[in-house]
Every structure is written in structure tokens, then in C-alpha cells.
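User: Hi! I'm new to reading protein models. Could you walk me through this one?

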Amino acid sequence: MIINGLKLSVALVLLLGFTRHWVAAICSVEHCTDGTRCVMSKNQRSCKCARGYYADRCDKNAHITVMCGKDYIAIRALEDFFKYHNVPLESLHLSNKSCRAQREVIDSVPYYISSISKDKYVTCGGKPLEKNFTHISYSLSLLSDPQVIGNIIRDPVIKMNYTCVYPYIRLVSLPIEVIPFSSETVIRVDQLDATIEMMLYTDQTYSKAYSSVPTIELRDKVYVEMAVKEPPDYFLLRLNECWATQSPQPNTTEGSVHTLLLNGCVNDQTVTFLSVIEGELGHNGESSTIRYSFDMFRFTAGPHHFYLHCTVQLCEPDDHKSCVPNCNSIRKREAVRSDPAQGRLSYGPIRIEMPDQPQSSILLTVVLPVVGVWTVGFFLIILMTVAKAGSRRLAQTK
């Protein structure tokens, strides 16, 4: 992957004693007719080639290219450009002379190229990293050794300063402890603090978060939001796995475990990704905020509350394709929980609201029938006693 953020400056340095003069390639004044290739001096008596051009008429393009790869930084230019300035390949190097340039032929065209991996940036003499809130800059210089003839130097020394500007691209790598009602972690990436938060909301509007331990009835929806709070709207956020445990410890072997998301894909069929725009479906890995819901459940064995855990990763803004999981592939069956290069947030406990038993109906269906049986029996006893008493009186009268 090539990052387009780059800066480049090319100069020819003429060394005279301990004084360094920066001059550009000189061109013929009478041939300086194209302002994009050569630049006239204020007095119109001299001209110099514009950046990236060379030769007496500044009509040759050096095709200087800076390549800012994911894991490497490189610069190249036509071999003819260096030969025009009498700069041999063996004289080209970075600030550390052990980091030499090489010759490479691309589509039958020879180039001189200097390429290093990022892990050799400091070793090869890279300048101190420049950082701001969202980006980091790597700056290098490609130099040529002066060609000494006796005790003089006649040819200029080439110095190419180039810079690659990268967004902060890292995977979250800090697990956090369980914090009821919300879960938040601050991840320091070089000089940038990225804050990720997980919260549960009371309904699909995501307007009111739980301020105490959530208590939810079975089969009601559980509304979860994961969001990058700082810096806002910069990173893409991806959920790799979400699962529930009976223990606060996410990787516990005790109790039951239920997986909701696996490798970024739905593993529980009640899970639905929701958009930040109400009423629309959302997707995993497409923004800095992810919302999803699932149907409340409980484990068959107690305790009946559970803790929710999710592994997350940050993606660079232009890395949309690799951030969105491929849920049509068999790879979604591959577990990623043990990957140490992922961050984890935990939330809980989440309690199950057990509905009140309908005691009044039980009274009607159980107690009242029993009372009725006893009442009927009592009246039958009375009737039998009255009947016996009547029979005795009739016998005495006779």
C-alpha cells in the first residue's frame, strides 16, 4: 500500500571550504521559455531548472518518485539524472553511509533507488519524527559524496530531502478492567491518545445510556454502542469478536460462554448492526462508531447475570476494504480472541429482569377452588345434620 502524503525537495549543493551554498541546476537563459521547467532570476540574467527537471534546456524530467509504503520508505530517480551531474551510484547514500542506493531497471528504464524499512529509519539517519494530533512525518535525505579531484571539488553534491506523512495506524493493544455502566480505554499511539468507549442504551434511539447496572427482560433488545471518542471521526473502528461470560474475566474457563460476534461477523442470529442514522442498518468497520443490538438472554445455569466483552481494532481512514469483515468467507469461523494485537473492552454486569409471578391468578385458579371445595363440604355436613334432626323429631311424634 502506498501512502500519498509526501514532501520532496531536491537541491544541488556546491561545497566551498566550510561554506555550503544551495544552488539549483543551471540552464541556458536563451532556452528558458517554459516557466514550468525553468525559472528566471529577478534580473533576468540567469535561470535555473525547476524541481525535477535537468539538462541545458531543462527539458528532461528526472522522474523523481517518493514511495511511502506501509512498511518502507523509498525514493528513486532516473539514472541519467545522476549521470548528467556526474554522480556515480556508489556515492549515493542516506545520512548513514551504510544505507546505500541501488540500481534498478523498471520497464527497461534504469533508476537509482534508495529504499529502507521503517524499522531502519533511525539507523539510517532519519530526522526526529514530527508529530501532530493525527499524523506522523518521516524525513530522510539522499546524499552524494563530493567527487574530489586532487584537492578540489568541481561537481556539485546532490541532496534530496523527502518526507512521508502517515496517519496514526496501529492496532489497539491494551486490555482494561471491567467498569460497570460504561467501559473506556485510552490507547497511546506515539503521541496520540485514542479513546474508545463502550456503553449500553435503553432503546434504539441511543439517546439515553444506562446510568446504573442494566436490568433487562428476556428477549428485549440490548443496545450496544462502541465509539472512538478521541480523536473524533478519524479512525475506522472494527469489532472482531463480542462474547458474554458469567464471570467478569473475559477469558475465564469457568461458567458458560455465548459468542455474539466472531471475526467481525454475526454469530448470534439476533445480532443486528445499526446505523447512527435512526432506522437504517449499519455495518461493522465503516465508521468510528458502531452500534448493534441483540436479544436479551440468560444462561441455563446460574448466576443469571453476565458480562459483555468485545475485541476491537483501529483502521486507517483509507483502509476501508480491509477494515470491513468478509462475512461471506469461511474465515468468519476462525476465532481471534487469542490474538494479542487486539484491544478489549468489557462491560457488566448485565442483569436479567425476572417478571413478577401473577399471584392473583394463582389465587383464583388454585386457592379459590380449594376454598370452594371446603365450602361445599361444610354445607353438605349442615344439610346432613338438619336431615338427621328432622328424622328424629318425626320419630318422637309418632
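User: Which residues do ring pairs link into a cluster?
Analyst: In this predicted model, the cluster joined by ring pairs is made of Phe273, Tyr292, Phe294, Phe297, Phe299 and Phe306.

User: Where do Tyr206 and Tyr223 sit in the chain?
Analyst: Tyr206 is in the loop between strands S19 (192-201) and S20 (215-217), while Tyr223 is in strand S21 (residues 221-230). The two are 17 residues apart, and the pair links distant parts of the chain.

User: And why does Tyr206 count as buried?
Analyst: Buried means under 20% relative accessible area, and Tyr206 has 7%, so it qualifies. Tyr223 is buried too, at 12%.

User: New topic: what is the strand order in the open sheet of six strands?
Analyst: The order is S20-S28-S27-S22-S23-S24, and the pairing is mixed. S20 and S24 (265-266) are the edge strands, each pairing on one side only.

User: How many bridges join S20 to S28?
Analyst: Three, and the two strands run parallel. Glu217, for one, has Glu353 in S28 as its bridge partner.

User: Last one: what lies over the face of Tyr111?
Analyst: That's Arg76, at 5.1 Å from the ring centre.

Note on methods. Residues are numbered from 1 along each chain as its sequence is written. This is a predicted model: local features need pLDDT of at least 70, side-chain atom pairs count only at pLDDT 80 or more; totals for chains, interfaces and linings use all residues. Side-chain values use heavy atoms; hydrogens and water are left out. Helices (H or I, at least four residues) and strands (E, at least two) are DSSP runs, numbered from the N terminus. Buried means under 20% relative accessible area, exposed over 50%, partly exposed in between (1.4 Å probe, protein chains only). Rings of Phe, Tyr and Trp (its six-membered ring) pair if their centres lie within 6.5 Å; planes under 30 degrees apart count as stacked, over 60 as edge-to-face and the rest as tilted. A charge sits over a ring if NZ of Lys or CZ of Arg is within 6 Å of the ring centre and within 35 degrees of the ring normal. Two strands pair if DSSP finds at least two bridges between them.
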